[in-house]
Structures are given as C-alpha cells and as structure tokens.
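Student: I would like to learn how to read the features of a protein model. Could we go through one together?

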Amino acid sequence: MDFSLHYIGHRVIENSPFTIDRPEGSFRHLFFHFISPVIIETPKGLIEAEPGSSILYEPGVKQKFYVERNRLSHDYLDFTVQDPDFFSIIRYPLNTLINPRMSKNISETIERILLEINSNRVGNEYMISSMMTSLFTLLSRRIHNHSVGTNRVYQDELKVRFEALRLKMYHSPAESSVKAMAKSLDFSPAHFTNLYKKFFHVTPIEDLTKARIHLVPSLLAGNEPIDLVVRKLGLSSSEYFFRWFKQHFDMTPAEFRASLKPR
C-alpha cells in the first residue's frame, strides 16, 4: 500500500471564528480541501483562498488558516505515505495553495474513501490507498496539463519561481540550460517552455541568448581567457563561441576587445 490513512473528514463544518495554527506543523501529511472561503497563511503572506482551493502539507511544515465571519466547510485527509518520493515522482506541488477546479471530484472521492472505511470489507485498506493514489495523481495532472491561468494562486507562486530562475539565468547562463531549469521545477522541457513563454512572452532559448549577449561584453572587457568566457556562457566550444559572437556582434571577440582600448 502507498498510503496509510489515520484520520478523515468529509464536509466538516466549523463555526466562526475558527483557526488552525500549528507553527510546527503535523507529524504526518495533511491534505485540506476548502469548500468555503478561508484565509490561509503562505510564504507570500495571507491569502483569501476561494472555494475549491486545496493544500497538501508535508510533515513539520507550519499550518495556519482561519475564518472570522463565515463558517468553514472542508474535507481533510491525515495520512502517511510509504514511498517518500511519491509526490516528487508525480510532481505534486507540496505546501502550495492550488485551485485545480476539481472541487466536486475531490469531495466525492473523499466521501467514497469514508464509505470504504465504514464498510469493513475485505481489502478496504488497499482500496483506500488506491483511491488516494488516483486522487493525488489526477490533481497533479490537472495542475500540470491545464492552463495555469485558471489557478490564480498557483500561477502567482509559480511565476515567482520562474522569475527567480530567470534572474539566475541572466547572472549565470552556464547553469541555466532549458533542461536544467525544467528539471528544477519538475516540468518537462516542453511544458516548461510553454509556461515560460506565457509568463515572459519569450521562449527560454531566446531569453538565454539575450542573457549571454548581455553578459559577454563584461567578460571580454575584463580580459577573461576565451576558454573561461565560453564556460561562463555555457557554450559548447570555443569554435562555436567565435561563430556565435560574430553572428550577434558583427565582429570577432578580438576586434571587440580592441574597440575597448583607448585610442
């Protein structure tokens, strides 16, 4: 079994005011699906989560959310996962508020899990584990394959991560291949490219070229050896660098360096 379920709640109602505040988090994974609006604390500050939002907390991660006026309606799963790499493999965004627009499906799945628990039928632990595996896999597929524009909070948090990668690329293009950047966010290169273009209106390959063009003059002005310049730009060889430089600057690196000397 992939999962061991310890506690479950389906359409639980909490009267306002109601607060969950666990600075040290929980001992196990906790999944919350909010059927009604709730204020939740994220690394970016307090966010008013719309109905249908959900979050999966890892053990030991701070949890804080509350309602002040309206009642809170929510589902939850408190569980342990046997394979520590499961969520990484399916690329599930942990500790991140998302709204995959699957609220009805989530609630119905949790209701089926609860019914399975109460049935006491043979093998129900395996059925429960199977349903949880399917639930999280489907949510991850929805997040990664559906337009991020329908997931406002997830989109905002994801764009911050893309912006950090882009900033690093403009300072260290050698460490910023499309494959490496995509892998760091657990996306395929193709999907990473689509999202990058959506956020910045340019492909990562085009932007990487701009980053190299932006950096190379300062490298050459500093009298860096050509081999070191090539490595810092992340280009394949000195021969390729000479062709690349001529294409973008209409002169050779030696001519560029000569143009910088006082006359």
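Predicted model: local features only at pLDDT ≥ 70, side-chain atom pairs only at ≥ 80, totals over all residues.

Student: Which residues is His29 in contact with, leaving aside neighbours within four places in sequence?

Tutor: Its contacts are Leu56, Tyr57, Glu58, Pro59, Leu77, Asp78, Phe79, Val81 and Phe87.

Student: How many residues does the largest nonpolar core have, and which of them have the most contacts inside it?

Tutor: A nonpolar core is a set of buried residues joined through side-chain atoms within 4.5 Å. Here the largest one has 23 residues, and those with the most contacts inside it are Phe31, Leu77, Phe79, Phe87, Tyr92 and Phe136. At least two residues each come from β1 (3-14), β8 (72-81), α1, α2 (103-119) and α3 (124-145). The most come from α3, which gives 7 residues. Apart from this core lies another of 17 residues, including Phe162, Met169, Ala182 and Phe187.

Student: What does Tyr92 touch, not counting residues up to four places away in sequence?

Tutor: Tyr92 touches Phe31, Ser54, Leu56, Phe87, Ile98, Phe136, Leu139 and Ser140.

Student: From which domains does the lining draw at least three residues?

Tutor: From each of domain 1 (3-146) and domain 2 (149-262). The centres of domain 1 and domain 2, taken over C-alpha atoms, are separated by 39 Å.

Student: Is Ser238 buried or exposed?

Tutor: Ser238 has a relative accessible area of 19%, so it counts as buried, the cut-off being under 20%. Ser238 is in helix α9, residues 238-249. Leaving aside neighbours within four places in sequence, Ser238 is in contact with Ile226, Asp227 and Val230. Phe199, in helix α6 (residues 189-200), is buried too, at 8% relative accessibility.

Student: What should I look for in the backbone?

Tutor: Most residues other than glycine have a negative phi, and most peptide bonds are trans. In this model a cis peptide bond joins Ser16 and Pro17, with omega about -10°. Pro17 lies in the loop between β1 and β2 (18-22). Asn95 has a positive phi of about 55° although it is not a glycine, and phi of His201 is near 60°, also positive.

Student: Where do Asn95 and His201 lie, and how exposed are Asn95 and His201?

Tutor: Asn95 is in the loop between α1 and α2 and is partly exposed, at 23% relative accessibility. His201 is in the loop between α6 and α7 (204-221) and counts as exposed, at 68%.

Methods
Residues numbered from 1 in each chain as written. Heavy atoms only, no water. Domains from an automatic or database assignment. Helix = DSSP H or I, 4+ residues; strand = E, 2+ residues; numbered from the N terminus. Buried < 20%, exposed > 50% of the residue type's maximum accessible area, 1.4 Å probe, protein only. Contact = heavy atoms within 4.5 Å.
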